[in-house]
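This report goes through two protein chains, taking the overall make-up of each before a few local features. The sequence and the structure are shown first.

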Amino acid sequence: MLKNSVLRFFGASFAKKSRFLAGVAVPSLLAGLLVGCATPPSQSDTADYQAYIQQNDPLEPTNRVFYSVNDKIDRYALKPVAEGYVHITTQPIRNHVSDFVTNISEPGRLIYFMFGGKPRDAGTSLVRFLVDSTIGIGGIFDPATALGYPETDTDFGLTLAEWGVPAGPYLYLPVFGPSGARDVLYLPAAYFLTPIEAAPSSTALTVFSYSETGLRLVNTRAEYIDPIDQIEATALDPYATFRSLYRQQRASQLQLIDQRDTPTVPDWYPQPAQK
Amino acid sequence: MIFRRFILGAVAGLPMLAAVSAAQAQVAPDAAKAFIAQSGQQLVTIVNGNAAPAQKADELRQLVDQIVAVDQVGDYVLGRYKNVATPDEHSKFLALFHQLLSYNITYQIKAYQGITFTVNGSSVMGSDTIVDTTITRPGQAAADVGWAVDEVDGAPKIVDVIVAGTSLRITTRNDYASVVTSHGGQVSALLTAMQTLIDRHKAAN
């Protein structure tokens, strides 16, 4: 059965999944890696060499090829569909779609947080999934946030980061977009950690899986129409801009996870006597 | 959901993208909050006004010059390559940078009609004072934007735009550094790329 997995687009968790795509993407990636690596500048060129190290993008020539391919796919297929989608929907509808697909990913986050040793974040994910799936009518609404349980995004790449695994070189994957040597391991994990995977196989489930994946993809792309247009119009090197945003956003996600997992003393716990 | 707010916020802050400065004194949180509230109100008044787009762009450019440490912007974005650039390249870079900032503002002005600006709070983070705001546009999700404020030449100025922990000055710096690096460390290549982008904007308008 074809399965969903997650496409990273512009640093966001969005999108895609199918064994077919994985079957195409992985050989393409491996072939691409053989094509070319960036030539590091001489260490005597201090400024240039420091910039090279900071970018940590030794496969840049290959990454740029995949960026170009993805850009064409987006320009001629995904973006026109997203624009049509925006034309026939309103922002509140798109918000509810976003809430719905976010809720489906919540059990996966619960497991990632547990593996990452983040019990408070894991508890939040559990509460969010229970509340939004019931009171929120299957996740179409997000009452959990209003109750004080906002979403904290995570994935297996961030779990590995919690374990101390470094980010590694930057990778721009065919179809899947920005990633890294550590974060790419997120894909196989996301492949299995969905409620859809746990449910018994059926035709209806397959149809639902494809529909959810397509809707997630188009809805997320629709939200980025203006931002991506503006970055492409104003950046000198959009590839480098997206790379920078991706790296900063990952670091920020990690920081947010740690901030929200701060342990506190429960109200019911005996407080020390005041002297 | 969170990332959507991040990226929309990132773009909402782009008119002030170049906001950076060199070493400055810290601004008290309340003073920074008042400064951003006033600046935001001026921004909203201009963007939502009835003036022609060209006039709005001019007014916005003047506002940016007043509230952003624009003179220091180029140097931060140029980063380590400031030491590589010749004096002539450096001065040309600053001129192009100002020009590019103006065109970026003009490009984005249409997208901000109906904008609202709410100041939430302020806090000290490192050497900066960060003022948290929420920016909304009709038909768009709300965006949380943080404004880093420092005292420059005795007055508070915006030195960075931060969205979900992501600094736009760092993003711009990396963008520019990539151009220089991919051309063997030649600052002249950056100047050419900037001029090309400006020419493209001119042709489009």
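## Chain B: overall make-up

Chain B contains seven helices and six strands. In sequence order these elements follow the pattern α-β-α-α-α-α-β-β-β-β-β-α-α. The model is a predicted one.

Chain B has 205 residues, and 53% of them count as buried. Its accessible surface comes to about 8400 Å², with 53% of that area belonging to carbon and sulfur atoms. Among the contacts in chain B with a separation of 6 or more, 64% are between residues 24 or more positions apart.

Strand β2 of chain B covers residues 116–125 and strand β3 of chain B covers residues 128–136; the two run antiparallel and are joined by nine bridges. One position in this pairing is B:Val124, which stands opposite B:Thr129 in β3(B).

Two residues lie between the strands of this hairpin. One residue of the hairpin, B:Gly126, takes a positive phi near 65°.

B:Leu100 belongs to helix α5 of chain B, which spans residues 87–108. Is this residue buried or exposed? Its relative accessible area is 2%, and the cut-off for a buried residue is under 20%, so B:Leu100 counts as buried.

Which residues does B:Leu100 touch, leaving aside its neighbours within four places in sequence? The list holds A:Leu236 from chain A, together with B:Tyr176, B:Met194, B:Leu197, B:Ile198 and B:His201 from chain B. A separate distance concerns B:Glu151, which is 51 residues away from B:Leu100 along the chain. The C-alpha atoms of B:Leu100 and B:Glu151 are separated by 25 Å.

## Chain A: overall make-up

Chain A contains 13 helices and four strands. It has 275 residues, of which 51% are buried. In this chain, residues 24 or more positions apart account for 67% of the contacts with a separation of 6 or more. Chain A exposes about 12900 Å², and carbon and sulfur atoms supply 68% of this area.

Strand β3 of chain A, residues 170–173, is covered on both faces. A:Tyr170 and A:Tyr172 are buried on one side, and A:Leu171 and A:Leu173 are buried on the other. Four bridges connect β3(A) to strand β4 of chain A, residues 177–180, and the two strands run antiparallel. The bridge partner of A:Leu173 in β4(A) is A:Gly177.

A:Val175 is found in the loop between β3 and β4 of chain A. Its phi is positive, at about 70°, although A:Val175 is not a glycine. Most residues other than glycine have a negative phi. The relative accessible area of A:Val175 is 31%, so this residue is classed as partly exposed.

## A nonpolar surface patch

A:Val175 also takes part in a nonpolar patch on the surface, with A:Val65, A:Val69 and A:Ile73. Together the four residues have about 290 Å² of accessible area.

Where does A:Ile73 sit in chain A? It is in helix α3, which runs over residues 60–88. A:Ile73 has 43% relative accessibility and therefore counts as partly exposed.

## Two loop residues of chain A

A:Thr89 is placed in the loop between α3 and α4 (91–104) of chain A. With 15% relative accessibility, A:Thr89 counts as buried. How far is a polar atom of the side chain of A:Thr89 from the backbone oxygen of A:Tyr85? The distance between these atoms is 2.7 Å.

A:Ile137 lies in the loop between α6 (119–134) and α7 (143–146) of chain A. Its phi is near 50°, a positive value in a residue other than glycine. Is A:Ile137 buried or exposed? The cut-off for an exposed residue is over 50%, and A:Ile137 has 52% relative accessibility, so it counts as exposed.

Key. Residues numbered from 1 in each chain as written. Chains lettered and ligands numbered in written order. Predicted model: local features only at pLDDT ≥ 70, side-chain atom pairs only at ≥ 80, totals over all residues. Heavy atoms only, no water. Patch = residues over 30% accessible without salt bridge, like charges linked within 9 Å, V, L, I, M, F, W, Y side chains within 5 Å. Areas by Shrake-Rupley, 256 points an atom, 1.4 Å probe, with all protein chains shown as cover. Salt bridge = Lys/Arg side-chain N within 4 Å of Asp/Glu carboxyl O. Buried < 20%, exposed > 50% of the residue type's maximum accessible area, 1.4 Å probe, protein only. Polar contact = N/O pair within 3.5 Å; in protein donor to acceptor, adjacent residues only side chain to side chain. Contact = heavy atoms within 4.5 Å. Pairing = 2+ DSSP bridges.
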